[in-house]
Amino acid sequence: MFSLASLSFQNSVNQECFPQETGRGVGVAPANLFDETILVEPQDMTKQPMPTMDLKAGIMLLLLAAVWGGSFFFGEVALSEVPPLTITLHRVIWAVPILALIVKFKGLSVPNTPRIWGAYLVMGALNNAIPFSLIFWGQTQIDSGLASILNATTAMFAAVVAGLLLKDEPLTPKKIAGASLGILGVAFIMGPSALNEFNPSNLAQLAILGATLSYAFAGVWGRTALSGQPPLVNALGMLAGSTVLMIPIVLVMDGPPNFALSAGVWAALLGMAALSTALAYVLYFAILARAGAANLLLVTLLIPPFAIGLGVTFLGERMEPSAWIGFAIIALGFAVTDGRLFSYISKRKPQQAE
């Protein structure tokens, strides 16, 4: 969830965070990310060399997919006692002090200019408050595994939004084709009945797609308003901004939060904040520095299996065949947008001819 935002709001990585990456354009985080949350825009593999994915980076990538996939599971558990908007507040507010300690430990300075903090408020709305709330509400009507599959369309839609709004991210035929396949996958999951009847399940699926579009616009906003800031500081500012936004919304819509919750629900809420949000940021930036943005995008396809596995094992969920077929189509759309598979095939053909 935190995972799947196209957050390229950091074009240059600060020397304090990733010395080996200084001067190199990269994206910044989920999920979502967040949740969920990908946090970098798809790269054209034919235009630049791809950093190596070593064993350590691969293990971290699997761990990142697990904690991001776990956010859907945690959300499903928390919904048994907590309304969606309040869950969103819990997720961001408890992650703030954890990330603040990490930022302080790294010796990073937090900006104090009104312009930057205004940008953090907008970023918090687009990348946390809006998408988290939509996804959690969607999970009141559909299973967590299905929500994670729909959320996997973020990378393709983000590429299209960036292509439309950013001059240095042209809208290429590959991006259009990838997004089209993503829409086809979603249409297959929703089925033809969505055209002639409307039910809460259909509305929930549309809410998840609304969250992916919010993530996509967050990426564009970050690129234009927050580039040049240390990535972990941006993450902290964004979470603080979303907390400020969610407190009055929750008080008006849900009333004061109830803290008399079961141990399982508290574990889910804190796990979502500490693992699926704070730890996810740390893993995200570590993988980004070690393996590059292109390899990091692979987490998009790893999140749904983890979310589905947790849902099936602990929540008794069951994925319909149409959901698996839809996920395969979405995965194909990702492959087209990413371009890596086709680049590999084109390079193999001359070798086979020899």
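Which residue forms a salt bridge with aspartate 54? I shall come to that pair in a moment, after a word on the model.

This is a predicted model, in which local features need pLDDT of at least 70 and side-chain atom pairs count only at pLDDT 80 or more, while totals for chains, interfaces and linings use all residues. Residues are numbered from 1 along each chain as its sequence is written, and side-chain values use heavy atoms, with hydrogens and water left out.

The partner of aspartate 54 is arginine 290, with the closest N and O atoms 2.8 Å apart. A salt bridge here is a side-chain nitrogen of Lys or Arg within 4 Å of a carboxyl oxygen of Asp or Glu. The pair links distant parts of the chain, 236 residues apart: aspartate 54 sits in the segment before α1 (55-78), and arginine 290 in helix α10 (residues 263-296). Helices are DSSP runs of H or I with at least four residues, strands are runs of E with at least two, and both are numbered from the N terminus. Aspartate 54 is partly exposed, at 28% relative accessible area, and arginine 290 is also partly exposed, at 37%. Buried means under 20% relative accessible area, exposed means over 50%, and partly exposed lies in between, with a 1.4 Å probe and protein chains only.

Let me place this in the overall fold. The protein chain has 13 helices and zero strands. Of its 354 residues, 56% are buried. The accessible surface comes to about 14,200 Å², and 69% of that belongs to carbon and sulfur atoms; the areas come from the Shrake-Rupley method with a 1.4 Å probe, and for residues only the protein chains shown count as cover.

I return to the salt bridges, of which a search of the whole structure finds five. Arginine 223 pairs with aspartate 168, the closest N and O atoms being 2.2 Å apart. Arginine 223 lies in helix α8 and aspartate 168 in the loop between α5 and α6, so this pair ties together parts that are 55 residues apart in sequence. Arginine 223 is buried, with a relative accessible area of 10%. A further bridge joins arginine 318 to glutamate 320, at 3.1 Å between the closest N and O atoms. Arginine 318 counts as exposed at 57% relative accessibility, whereas glutamate 320 is partly exposed at 42%. Salt bridges that share partners also join Asp168, Glu169, Lys175 and Arg223 into one network.

Glutamate 320 leads us to the second largest pocket: of the 14 lining residues, Glu320 is among those nearest the centre, together with Leu146, Ile189, Ser201 and Gln205. Elements giving two or more residues to this lining are α6 (173-190), α8 (200-225) and α12 (321-338). The largest share, three residues, comes from α8. A pocket is an open set of points on a 1 Å grid over the protein atoms alone, where a 1.4 Å probe fits, with protein on both sides within 12 Å along at least five of seven lines; lining residues have an atom within 4 Å of a point.

Finally, α8 also takes part in a surface feature. Leu164, Leu165, Leu171, Ile176, Leu213 and Phe217 make a nonpolar surface patch of about 540 Å². Helices α5 (154-165) and α8 each give two or more residues to this patch. Patch residues have over 30% relative accessible area and no salt bridge; like charges are joined within 9 Å, and nonpolar side chains (Val, Leu, Ile, Met, Phe, Trp, Tyr) within 5 Å. Leucine 165, found in helix α5, is partly exposed, at 48% relative accessible area.
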